[in-house]
2 protein chains.
Amino acid sequence: LVDSNSAYVAEKLEQAGVTVTRHHAVGDDLELLVEVFQCISRRADVVVVTGGLGPTTDDLTAEAAARAAGVACVLNPQALAVVEAFFKRRKRMMTESNKKQAMLPEGSKMLDNPIGTAAGFQLTINDCVFFFAPGVPPEMRRMLKNEIIPRIAELQGDDRPLCLIKTISTFGMTESAAGEKVAQLETEFPGIKLGIRAHFPEIHIKLYAYGEDDQAIRKRLESSEAWVMAQIGHRVLSTQGRSLSVVTGDLLREQSATLAIAESCTGGLIAHQITENAGSSDYFLFSGVTYSNAAKVDVLGVSPETLKRCGAVHEETAQEMAAGAKRVSGATFSLATTGIAGPSGGSDDKPVGTVCIGLATPDKLVGRRYFFPFGKRRMNKTVFAATALDLLRRELLGFTIERIQFQGKTQSGNT
Amino acid sequence: LVDSNSAYVAEKLEQAGVTVTRHHAVGDDLELLVEVFQCISRRADVVVVTGGLGPTTDDLTAEAAARAAGVACVLNPQALAVVEAFFKRRKRMMTESNKKQAMLPEGSKMLDNPIGTAAGFQLTINDCVFFFAPGVPPEMRRMLKNEIIPRIAELQGDDRPLCLIKTISTFGMTESAAGEKVAQLETEFPGIKLGIRAHFPEIHIKLYAYGEDDQAIRKRLESSEAWVMAQIGHRVLSTQGRSLSVVTGDLLREQSATLAIAESCTGGLIAHQITENAGSSDYFLFSGVTYSNAAKVDVLGVSPETLKRCGAVHEETAQEMAAGAKRVSGATFSLATTGIAGPSGGSDDKPVGTVCIGLATPDKLVGRRYFFPFGKRRMNKTVFAATALDLLRRELLGFTIERIQFQGKTQSGNT
């Protein structure tokens, strides 16, 4: 199964000043688990283990940990209380198999799990401190934060190295273009490590500040962040890890503005992204996902003459769609997308990857054409949606709207 | 970073009759990589390594493999041809750093990569055969299929154990309810292993058939599949790994029917899922994402009186939305969703997790109310969208529409 826990744990441990060197994934095999625990115990100071604490017979973690430590599993009254409390909250009967979840290795310390049935535990094997947490992501995350990281901080004592991480998310540059813009960072700011990560369609610039003095590294991180912001300018979306739709939504809310959308090629994706945000009903009114030309005409009032003259994928059509969505809903702003996500439908003139975006503001109506060379339908929908939202974001911030550069050729709008 | 390659590689290797015991993730640290390669080489027969074959200085895999094998990296003319061909196709200049990608451990055999710059390679370390592939998912997947799996089959020779895997995807049951329904499978069909996996909101039932005789295990797998189908009935979505939106879209296409949607709480997600499918314009006409009440009235023609009397979240409102989307677009079928995705907006009467779904067919209009106990906005949107699509799917298949059971309480519709 795809595992998202280990990336999460690694990031949180790095932030807590722990150098994460390896991650192991092991099947539900008792002997193998025992061997791996013993092997790791001989080279690491601290280990975080997730999963295998459930009630079924293939949940072997506690048993394997006990064997690796040379002890037995015994009923832990605190862990039993965790299981009992869970079933009491849910007003459900506890089963015999859930009692197994309270059997922890002798000498281990229970780690509280106030939101699930599986208590965690701490156990020392060959001088290496193991922390065992459930695999269910919300339970694991909570236990890591409230139980494990504080105990690791105690183990680190005054020697605790500090690491602060800042993530600057950007849109509209390739990974290599972003890299070039900030290439001098490590030279300009000794002690800051740079990481560039693609989170399609965004590029994230990560700054890692290491040191002993909290004040000093905080200051160094702030200076380097300001330097990066100056290099990247309006392509910065957020320094707080907020997504493009959250950033754009918050700008709409701040300006007491509302939004309508008309989506052809993005097929509802922009509306879906906007409505992922709790409270988006403050600013989001309507999206007309007009996949058919008839719907463009009937719902949005696009002129059949424009469709005939320019085709569905055209700046003029996108502008009429945006104007229609704005008119129908009474929104302050509107966005429209019409393009060719592929795999079919492309032509020499308008290849797969072409999108026209319309933006209506209180005082203007603009249309832009872009081309993206990704080829894949899913990637095209994603980058089309982001390009539309980013156009609105920059408009709301008062930036002059200009072209977006991605790998491959870029076309500018003709309006 | 979240790694999706290892789950993919593990599944493909299992299908090729390889028992996958462990997965390691290691940072970009040369000494550590060498140590890990040597350690693994002493206990495995075959290893698949992904990533670290790029042109930059933190791509250390080839160098580490060479050191672990006690050889040097040398220019491999075939690998150089791969890099050169890539740049020729893209009509771009090859950089000096890309030449590094053609430096492979002495004695290794190149594995072709016709879609990227990084050639893979095969290298034996301590009698263990390592296959090195790039980390870029499409390149890795292609190399695994065309280069690595065939070579592993050769190594297996006539002793090659066979494993066939069948995945049966379902919707509308909890993991434990699904488990109970098929609990007798391993007893009924010796030699078949059962796996139940939650892929929210779907539950996947996996059947693993092991054996030596291809014909025999194929037959056994087919019998067990038929048995599972009989147990699960109309809750089976697909035995080919197709998603709910693909299955539903294909049914619409087969019946030459078209679809319109009216989405409030799902916020465009259903339209987005439908339009992920290439060719969805064959059957999908329009979705009105009517987040505001005004849009429900103005675009879909919902009666203000109904909204006043019943509220936005109600079976009657959902029915009027569905009727409106169908009327506006001229579609054969329409679906509507209105509910409370949370985190706010719930009441005692209509708690977060409540959704009303409207379905209009050529000859009827139905409304249903459901409650899901997930609490999270994203999960609610996802399960609301799936519930709506599944209602349509079952209608298209001619099943009587009934209630959906999930963990927690379930409410039936009042129409």
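Which residue of β1(B) does H23(A) stand opposite? The legends below start there; note that the model is predicted.

**View 1. β1(A) and β1(B) pair across the two chains.** Here H23(A) stands opposite A25(B), a residue of β1(B). The two strands, each covering residues 22-26 of its own chain, run antiparallel and are joined over 5 bridges.

**View 2. A salt bridge links E276(A) to K381(B).** The side chains of this pair come together at 3.0 Å, N to O. Between chain A and chain B the count is 6 salt bridges.

**View 3. The face of chain A that touches chain B draws on both strands and helices.** Elements giving two or more residues to this side are β1 (22-26), α2 (30-41), α11 (269-274), β13 (284-290), α12 (293-300) and α15 (377-397) of chain A. Among these, β13(A) hands over the largest share, 7 residues. Sort this side by class and you get 19 nonpolar, 17 polar and 9 charged residues.

**View 4. Chain A and chain B bury about 3,700 Å² between them.** Carbon and sulfur atoms give 58% of that area. On the chain A side, R22(A), E276(A) and Y291(A) lose the most area to chain B, together making up 15% of what that side buries. As for who takes part, the contact involves 45 residues from chain A and 46 residues from chain B.

Methods:
Residues are numbered from 1 along each chain as its sequence is written. Chains are lettered from A and ligands numbered from 1 in the order in which they are written. This is a predicted model: local features need pLDDT of at least 70, side-chain atom pairs count only at pLDDT 80 or more; totals for chains, interfaces and linings use all residues. Side-chain values use heavy atoms; hydrogens and water are left out. Contact means heavy atoms within 4.5 Å. Buried area is the accessible area (1.4 Å probe) that two parts lose on being put together, summed over both. A salt bridge is a side-chain nitrogen of Lys or Arg within 4 Å of a carboxyl oxygen of Asp or Glu. Helices (H or I, at least four residues) and strands (E, at least two) are DSSP runs, numbered from the N terminus. Ala, Val, Leu, Ile, Met, Phe, Trp, Tyr, Cys and Pro count as nonpolar, Asp, Glu, Lys and Arg as charged, and the others, Gly among them, as polar. Two strands pair if DSSP finds at least two bridges between them.
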